[in-house]
Amino acid sequence: MRISDDRYTRDRLRLDLALRFMRHEARTHTIRKWTGLTDDRIRKLYRSYLTRAPGQVARHRGKSPGQASFFVRSPRVQQEASVLASLFSLLGVVPSNVVVDHDHPVPGVARGERLCQAFEAFLMFVPRAHITFEHAVLLVNELARGEELRLGDCSVCEGLVVVDKLDVRDVRCIRCAGLQDPRA
Ligand SMILES: [Zn+2]
């Protein structure tokens with residue numbers, strides 16, 4: 001009895017997480033990776049979700065964004081990435097231990113829930129964000145992998161900044177570097 005209860009709970013958590021990912025317009029393969037649900041179950045879930053909330057969500061197909069450089073290309077996006085990375089740190093989304101599986105460093109239901117919490121808080125701080133949920137997933141993976149991006153402290157205000165790992169210059173946040181994006 002206990003075992004089937006546990007299994008039911010685990011399944012319930014997976015489905016809840018999948019729905020939360022769908023609300024953030026995650027790609028099917030991202031949902032599969034983080035929840036462990038099969039494509040078939042995800043499709044059925046999409047169908048029932050879309051019937052209940054028509055026009056509420058866009059289903060994206062195709063590839064997820066995959067370039068770490070996206071986060072450091074413009075001051076505006078770099079600032080957004082830094083806000084999101086701070087929330088990841090607060091909520092323990094990025095693992096601190098060394099990552100073994102480079103392609104899929106961090107998925108898992110509990111971590112997925114924290115990722116959603118961090119992204120939902122991020123959207124409250126940055127209402128018209130350039131960073132989408134799929135970008136947030138990429139940022140978690142890139143920070144866990146640590147090959148192209150790293151977290152640094154601004155040398156002036158000590159705020160957390162997402163920086164290019166190869167960039168050896170003094171780390172400055174956008175505000176302290178005087179690079180406030182006029183479009184921001
Ligand atoms: Zn600063």
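Predicted model: local features only at pLDDT ≥ 70, side-chain atom pairs only at ≥ 80, totals over all residues.

Author: Let's start at L139: setting aside neighbours within four places in sequence, L139 is in contact with F71, A81, L84, A85, F88, L149 and V162. Zoom out a bit and you'll find L139 in the largest nonpolar core, which has 42 residues. Together with F21, F88 and L115, L139 touches the most other members of that core. As for who contributes, helix 1 (2-23), helix 2 (28-35), helix 3 (39-52), helix 4 (70-73), helix 5 (75-91), helix 6 (109-125) and helix 7 (133-145) each bring in at least two residues. Domain 1 (2-52) and domain 2 (70-164) each give at least three residues to this core. There's also a second, separate core, made of five residues, with C154, V161, V163 and V171 among them. In general, nonpolar side chains in soluble globular proteins tend to be buried together.

E25 sits in the loop between helix 1 and helix 2, and E25 isn't a glycine, yet its phi is positive, at about 60 degrees. With a relative accessible area of 28%, E25 is partly exposed. E158 has a positive phi too, near 65 degrees, and again the residue is something other than glycine. You'll find E158 in the loop between strand 1 (149-153) and strand 2 (160-164). Its relative accessibility is 65%, so E158 counts as exposed.

Conventions: Residues numbered from 1 in each chain as written. Heavy atoms only, no water. Core = buried A, V, L, I, M, F, W, Y, C linked by side-chain atoms within 4.5 Å. Buried < 20%, exposed > 50% of the residue type's maximum accessible area, 1.4 Å probe, protein only. Helix = DSSP H or I, 4+ residues; strand = E, 2+ residues; numbered from the N terminus. Domains from an automatic or database assignment. Contact = heavy atoms within 4.5 Å.
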